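Notebook open, model loaded. I want to look at the core first, then the sheet.

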Amino acid sequence: MANSGFQLLGYFLALGGWIGIISTTVLPQWKQSSYAGDAIIMAVGLYEGLWMSCASQSTGQVQCKIFDSLLSLDVHIQTCRALMVISVLMGFIAIIVSVVGMKCTKVGDNNPSTKSKIAISGGSLFLLSGVCTLVAVSWYATQVSYHFFDPSTPINARYEFGPALFVGWAAAILMMLGGSFLCCSCVNEERRGQQFYRQSQPSTAREYV
């Protein structure tokens, strides 16, 4: 029962991380206009994400424009897009695989050893999904920091970290924690099964004698 609870905890952590990854992917607030230093505070706040750029006015009106050309985008934006889409897809596959492999479900093979291996596969996919998100968000944040501290960047054209980056970091951590819990619970279960099998071998041999 403890293992089942550990698996459920890992699964729901990873599920929450996957929802956070989807939110991070679609949110336009990956970077936002900076008002640090001598920057002039404007009535319009500028935001930019992987798919669009937005302008938020003091009246509350928001206008967004989707990026027209894929090839004209910077390399880091194209790469972050690809990593985030891969992360979402891997997370979706991991959710299905993990449900089949968890002890508390009756889906698929009832063999405990097979279910354990399937659950480890799901946990590994959760881990990979979290790593992809972490790489994408951290790389984007590095580019924002670089341009912010670049002396050649005009003060009014500097951007800071947007809320989506922090959501992405939190989602990546949840996803990797959940995947780790799933993998660790199944590995421990397999080890206990192997130890039980080895201990039972001599007794069965004596019975035949």
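This is a predicted model: local features need pLDDT of at least 70, side-chain atom pairs count only at pLDDT 80 or more; totals for chains, interfaces and linings use all residues.

Core. I looked up the largest nonpolar core and got 29 residues. W30, L50, F126 and Y140 have the most contacts inside it. Helix 2 gives the most, with 8 residues.

Y140. What does Y140 touch, leaving out residues up to four places away in sequence? I found W30, K31, E48, G49, L50, H76, I77, C80 and L165. Two of those names, W30 and L50, were already on my list of residues with the most contacts inside the core.

I traced 5 strands in an open sheet, order 4-3-2-1-5, with antiparallel pairing. Strand 4 (62-66) and strand 5 (159-161) are at the edges; each has a single partner strand, so one side of each lacks a neighbour in the sheet. From one strand to the next, I read an average twist of 25 degrees.

Strands 2 and 3. I then went to the antiparallel pair of strand 2 (residues 44-48) and strand 3 (residues 52-57), which 5 bridges join. Which residue of strand 3 is the bridge partner of E48? That is S53.

Helix on sheet. Last, I followed helix 3, which packs on the sheet and touches strand 1 (31-33), strand 2 and strand 5. Its direction makes about 145 degrees with that of strand 5.

Methods:
Residues are numbered from 1 along each chain as its sequence is written. Side-chain values use heavy atoms; hydrogens and water are left out. A nonpolar core is a set of buried Ala, Val, Leu, Ile, Met, Phe, Trp, Tyr and Cys residues joined through side-chain atoms within 4.5 Å. Buried means under 20% relative accessible area, exposed over 50%, partly exposed in between (1.4 Å probe, protein chains only). Helices (H or I, at least four residues) and strands (E, at least two) are DSSP runs, numbered from the N terminus. Contact means heavy atoms within 4.5 Å. Two strands pair if DSSP finds at least two bridges between them. Axes are lines fitted to C-alpha atoms, for helices over the stretch in contact, and angles run from 0 to 180 degrees between N-to-C directions.
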